[in-house]
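Subject: Structure handover

Hello,

Here is the structure you were waiting for. Please open it alongside this note.

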Amino acid sequence: MTLQLAIVLPTLNERANLGPMVERLDAALAGIAWEAIIVDDNSPDGTSDEARALSLADPRVRVIQRIGRRGLASAAIEGMLATAAPLVAVMDADHQHDPELLPQMVAALDSGDYDIAVASRFAEGASTEAWNRPDRVKASGIANAIARKLTGVQLSDPMSGYFMLRAETLRADAHRLSGVGFKILLDILATVDAPLRVKELPLKFAARAAGESKLDRTIVFEFLVGLYDRWLGRIIPTRFALFGTIGALGVIVHMAVLAVFLQIFGGSLKGQLVTAFELGQTVAATVAMTFNFVLNNALTYSDKRLSGFVPLLRGWAKFALTCSVGLTANVGVAAILVRFGVHEYPAAITGIIVGSVWNFALSSRFVWGRY
Ligand code: GDD
Ligand code: MN
């Protein structure tokens, strides 16, 4: 029987869920030639090892282990591109998505009446009670409403992580997908040229089996970043916008630290080798730079985040080095402009932009660019 369907399971610490998941797929997909592609972002719990063990026992299970990468959407895209199956599905590995819907999705696509089948948590007949997360249900409702407004996609659950489409539909536009964040379905729907005919299937969204949600803490942030990426990302790249915004916050931190420092030590260092201002400026710059490093590591480069004491310390030192060169470039450019008669403020802004671009370009390579 030739391969019909690939089920892509993005995973981050889902070791205990995989074995039972494969069993459920096997039971639900009797009569369909399928393979499962587990796309694991090098989970510390050894999910990739478990996936390989399952693959040895059943070659329909395949593994992609990504090193130094993070992100649900990009994992889903890479998984869907790694199969020869004409149909591809994306599904959570934590048993919140019922595999019993897969044959119905196959039937909808095989009928030729639809281009994509989506399991919806909010369609007629669906339910989210078992999820037991009224906060997330509410947040999803708001996010879905915003998404519908902005993209014109009329779907009850454009944030769903459970859907199936023809692989060729995806491949045709894969190079234009953003791959940022978690909202892969919305991204596909909003990117393709010809609108897709959607079949919605009501989903009884279950509670997660083992482990905990990876999206709980970052979902609002990722949603906003995803929106930005889609609408302005082509003009000012998303990462640079984040980097710049954090840099601007760093300026506020700098001024606050400096003010506090002068408040406390302003009078006490009179007549010393270094003035209170010089010392305060140094302390403030160090604090602000550390603040920027921590935030960029957590947000701008969340997909390449450094962790562990030594990598963090090394990253911080490299970031400090990068920024000090950036500062020199900043001051140098501004000084030359002023000498050529440019007014101080536009000269200062130009210096800041040159310095930021430098910091961004270099740190993205040398601090977070190991891979
Ligand atoms: N490879 C990879 N990389 N997999 C990831 C990552 C990542 O960075 N983040 C999450 N996953 C995997 C999880 O292991 C799980 O199999 C699936 O993606 C969904 O992640 P959860 O952490 O279980 O998400 P959730 O249950 O909180 O969120 C649900 O609602 C979202 C929309 O509100 C899911 O159904 C999501 O798919 C959905 O987009
Ligand atoms: Mn989940």
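First, the ground rules. This is a predicted model, in which local features need pLDDT of at least 70, side-chain atom pairs count only at pLDDT 80 or more, and totals for chains, interfaces and linings use all residues. Residues are numbered from 1 along each chain as its sequence is written, chains are lettered from A and ligands numbered from 1 in the order written, and side-chain values use heavy atoms, leaving out hydrogens and water.

**Ligand 1**

There are 27 residues around ligand 1 (a heavy atom within 4 Å of it). Glu14, Asp41, Asp92, Ser213 and Lys214 come nearest. Polar contacts are pairs of N or O atoms within 3.5 Å. A polar side-chain atom of aspartate 92 is 2.7 Å from a ligand oxygen. For aspartate 94, a side-chain N or O atom is 2.8 Å from an oxygen of ligand 1. Proline 10 uses a backbone N or O atom, 2.8 Å from a ligand oxygen.

**Helix 1 and helix 2**

Helices are DSSP runs (H or I, at least four residues), numbered from the N terminus. Axes are lines fitted to C-alpha atoms over the stretch in contact, and angles run from 0 to 180 degrees between N-to-C directions. Helix 1 (residues 15-28) packs on helix 2 (residues 47-57) at about 25 degrees, axes 8 Å apart. The two are therefore roughly parallel (angles under 35 degrees). Arg15, Leu18, Gly19 and Val22 of helix 1 meet Thr47, Glu50, Ala51 and Leu54 of helix 2 (contact: heavy atoms within 4.5 Å).

**Helix 10 and helix 11**

The axes of helix 10 (residues 276-300) and helix 11 (residues 309-339) come within 10 Å and cross at roughly 120 degrees.

**Helix 9 and helix 12**

Helix 9 (residues 238-265) and helix 12 (residues 344-366) pack at about 120 degrees, with axes 11 Å apart. This pair is therefore oblique. Helix 9 contributes Arg239, Phe240 and Phe243 to the contact. Helix 12 contributes Ser356, Val357, Asn359, Phe360 and Ser363.

Best wishes

Technical notes
Angles under 35 degrees count as roughly parallel, over 145 as roughly antiparallel, 65 to 115 as roughly perpendicular and the rest as oblique. A polar contact is a pair of N or O atoms within 3.5 Å; within protein, one must be able to donate a hydrogen and the other to accept it, and residues adjacent in sequence count only if both atoms are side-chain atoms.
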